[in-house]
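Hi there,

Here is the structure I promised to pass on. Have a look at it first, and then read my notes below.

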Amino acid sequence: MAHQTTLRPDLKHIAEQIKPNSRVLDLGCADGELLAWLQTNKQVRGIGVDVDVNSIVTCVEKNLNVIQADMESGLQHFEDGSFDFVVLSLTIQSMHNVELILQEMLRVGRCGIVTFPNFGYWENRWQILKGQMPVSETIPYEWYNTPNIHFCTVKDFSQLLAKLGMQVDGQVVLHQGEPVNFLPNLLGSLALVQFSQTKAL
């Protein structure tokens with residue numbers, strides 16, 4: 001029987017999108033929480049990528065396949081179509097070349113899954129109206145010490161995918177781990193988007 005552990009809410013929703021026995025690449029895998037759960041519960045064949053040495057050590061201790069690399073220069077370590085799913089969780093907002101990483105995700109994988117803080121969330125808008133940069137559960141840093149360099153809304157991200165010839169295959173907007181179905185771009189603080197190449201007509 002599969003060992004059940006409690007995943008972080010956004011990782012739980014990512015895990016629900018991934019089919020058993022898939023090939024998974026987890027970019028910015030951190031401590032390997034998602035990969036370890038997927039290997040135990042869905043028998044995936046997974047590889048993690050992270051730039052942080054401590055994260056790499058933690059993943060190795062969990063017997064996970066992991067590579068230390070900086071994703072900003074692309075995913076040249078991997079061949080075209082090597083994976084079924086490529087995951088980038090709560091990392092894209094801190095990357096310099098967003099377009100490159102999205103293109104690389106769909107070069108090496110059939111399907112991409114990205115999660116990011118939704119800057120359109122009403123509390124963020126309200127803080128800006130009050131003259132301050134937002135600080136919230138999903139954006140926990142002050143403007144002067146944040147690693148985040150790109151903020152976007154759910155709508156912004158969909159528009160970027162369309163510009164790159166990609167399509168949204170599924171989307172879940174969350175707040176405190178629960179799906180938001182009514183006015184998600186206003187009431188959801190975290191977005192999960194599953195995407196692929198737009199099919200030619």
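What follows is a short tour of the salt bridges, a helix pair and a surface patch.

Please keep in mind that this is a predicted model. A search of the whole structure turns up 6 salt bridges. One of them sits within helix H1, where glutamate 16 and lysine 12 are 4 residues apart, about one turn of the helix. Their closest N and O atoms are 3.2 Å apart. Glutamate 16 is partly exposed at 47% relative accessible area, and lysine 12 is partly exposed too, at 40%.

Another salt bridge pairs arginine 23 with aspartate 84, at 3.1 Å from N to O. This one links distant parts of the chain, since arginine 23 is in strand E1 and aspartate 84 in strand E4, 61 residues apart. Arginine 23 is partly exposed at 28%, whereas aspartate 84 has 16% relative accessibility and therefore counts as buried, the cut-off being under 20%.

Lysine 163 and glutamate 99 also meet in a salt bridge, at 3.6 Å. Lysine 163 belongs to helix H6 and glutamate 99 to helix H4, so the pair ties together parts that are 64 residues apart in sequence.

On the helix pair: H1 and H2 pack at about 40°, with axes 11 Å apart, and their crossing is right-handed.

Finally, Trp122, Trp126, Leu129, Phe182, Leu183 and Leu187 form a nonpolar surface patch of about 690 Å² accessible area together. Helix H5 supplies the largest share, 3 residues.

Best wishes

Conventions:
Residues numbered from 1 in each chain as written. Predicted model: local features only at pLDDT ≥ 70, side-chain atom pairs only at ≥ 80, totals over all residues. Heavy atoms only, no water. Patch = residues over 30% accessible without salt bridge, like charges linked within 9 Å, V, L, I, M, F, W, Y side chains within 5 Å. Areas by Shrake-Rupley, 256 points an atom, 1.4 Å probe, with all protein chains shown as cover. Salt bridge = Lys/Arg side-chain N within 4 Å of Asp/Glu carboxyl O. Helix = DSSP H or I, 4+ residues; strand = E, 2+ residues; numbered from the N terminus. Axes fitted to C-alpha atoms, helices over the stretch in contact; angles between N-to-C directions. Left-handed = near helix turned anticlockwise from the far one by under 90°. Buried < 20%, exposed > 50% of the residue type's maximum accessible area, 1.4 Å probe, protein only.
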